[in-house]
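Subject: Structure handover

Hi,

Here is the structure we spoke about. Please look it over, then read my notes below.

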Amino acid sequence: MFRSIFLAVFLLLPVGLLAQDPPAVPNEEAPLKVGISPFDPFIFLDETENPTGFSIELWETLAREMGVKFEYVQSRGVAEKLEQLRVGQSDLAIGGITVTRERELEFDFSHPCFETGLDVLIPAQGSLSIVSALGAFFTPAKLGIILGFLLLIIVAGHLMWIAERGKDAFNDRYFPGVFEGMYWAIVTASTVGYGDKAPLKWSGRILAGLVIIVSLPMFCLFTAELASTLSVQALRTDIRGPGDLLGRRVAVLEGTTSAEFMGKLDANLMTFVRISDAYNALIAGQVEAVVYDAPNLQYFAKNAGSGKVTVVGNQFMSQNFALCVPQGSPLREKINLQ
């Protein structure tokens with residue numbers, strides 16, 4: 001009986017294996033769809049011209065050796081390029097695709113064609129953005145101090161006007177009398193005291209003494225916070241590597257190894273789809289640094305961003321670029337044999 005069962009399993013096993021779906025094989029008569037996205041200097045995209053760059057030249061050389069026809073499928077970035085490969089809109093993807101453990105679980109890669117790493121791009125040394133400085137000052141932790149100081153000025157201005165109206169120092173009308181009271185509170189709190197506005201009644205003088213006692217330490221705290229923020233912001237132009245990016249506004253690209261790496265740090269990340277948008281945000285002062293693949297950052301710093309930005313520190317998180325195909329695709333072996 002056991003011999004019969006074993007014989008049946010042995011005979012049916014090849015049938016079961018043959019019934020399994022084989023890996024998808026691209027139709028050799030149809031042109032291969034090659035996914036590309038902007039990645040200077042590996043891929044340059046221009047709507048009026050054919051794509052150019054190192055990765056384009058490499059693939060076209062491979063395609064001639066393999067004797068295959070192809071057409072390019074454009075996308076905005078690595079994440080979208082891999083998604084097109086995932087859903088079958090392309091047969092392979094080229095240009096700045098890093099080999100990672102997570103991607104190996106989903107795709108197959110050719111032999112590495114370029115070894116590089118990540119780097120940090122910052123504004124040119126010595127530049128201090130007003131937008132960046134104000135953004136660093138108006139944080140939730142410091143807004144309480146600012147609102148408290150403003151509330152003190154408003155309340156003190158109203159109380160002083162109520163106490164002193166009817167005298168020549170302050171206008172009897174609510175407007176501009178209250179504004180005059182607020183003006184007096186500001187110059188009094190800042191200890192400058194021009195003397196053009198001063199209380200004449202004893203009630204006003206007592207109120208003035210209370211305002212000075214309460215407002216002086218608050219105003220000192222306010223000015224100290226402002227001075228320290230500006231000082232720290234000026235020092236932040238001296239970023240030397242990823243360790244200096246903790247707590248700062250950093251631009252990364254969606255679905256890239258730079259986004260994965262920076263996500264593990266305590267940084268305020270802004271995610272973009274196009275690297276050009278990240279560069280524009282850096283130049284406008286909306287972010288303090290861009291973390292991305294070193295070749296792309298270096299190319300931008302020496303060309304379009306010359307004089308505006310600079311690459312700092314040594315490369316980190318070593319990585320390899322390779323051509324990417326769906327798992328089980330015969331293209332991998334064909335590419336590797338060239």
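Start at G285: this residue follows helix α10 and has a positive phi, near 85°. Helices (H or I, at least four residues) and strands (E, at least two) are DSSP runs, numbered from the N terminus.

Before the rest, the ground rules. This is a predicted model: local features need pLDDT of at least 70, side-chain atom pairs count only at pLDDT 80 or more, and totals for chains, interfaces and linings use all residues. Residues are numbered from 1 along each chain as its sequence is written, and side-chain values use heavy atoms, with hydrogens and water left out.

Now α10 itself. Its buried residues are I275, A278, Y279, A281 and L282. Buried means under 20% relative accessible area, exposed over 50%, partly exposed in between (1.4 Å probe, protein chains only). Viewed down the axis of α10, the buried residues fall within an arc of 160°, so they line one face of the helix. That arc is taken over the directions from the helix axis to the C-beta atoms. The buried residues pack against strands β5 (114–123), β6 (249–253), β7 (268–272), β8 (289–293) and β9, and against helix α11. Contact here means heavy atoms within 4.5 Å.

The α10–α11 pair is worth a look. Helix α10 (residues 275–283) packs on helix α11 (residues 294–302) at about 55°, with the axes 12 Å apart. That makes α10 oblique to α11. Axes are lines fitted to C-alpha atoms, for helices over the stretch in contact, and angles run from 0 to 180 degrees between N-to-C directions. Under 35 degrees counts as roughly parallel, over 145 as roughly antiparallel, 65 to 115 as roughly perpendicular, and the rest as oblique.

From α10, I275, Y279 and I283 meet N296, L297 and F300 of α11. The contact residues divide into five nonpolar, one polar and no charged. Ala, Val, Leu, Ile, Met, Phe, Trp, Tyr, Cys and Pro count as nonpolar, Asp, Glu, Lys and Arg as charged, and the others, Gly among them, as polar.

Last, the backbone. Most residues other than glycine have a negative phi, and most peptide bonds are trans. M317, not a glycine, has a positive phi of about 50°. M317 sits in strand β9 (residues 309–321) and is partly exposed, at 32% relative accessibility.

Two peptide bonds to check are cis. One joins D40 and P41, with omega about 0°; P41 is in the loop between β1 (32–36) and α2 (54–66). The other runs from F175 to P176, with omega near 15°; P176 is in helix α7 (residues 174–189).

Best wishes
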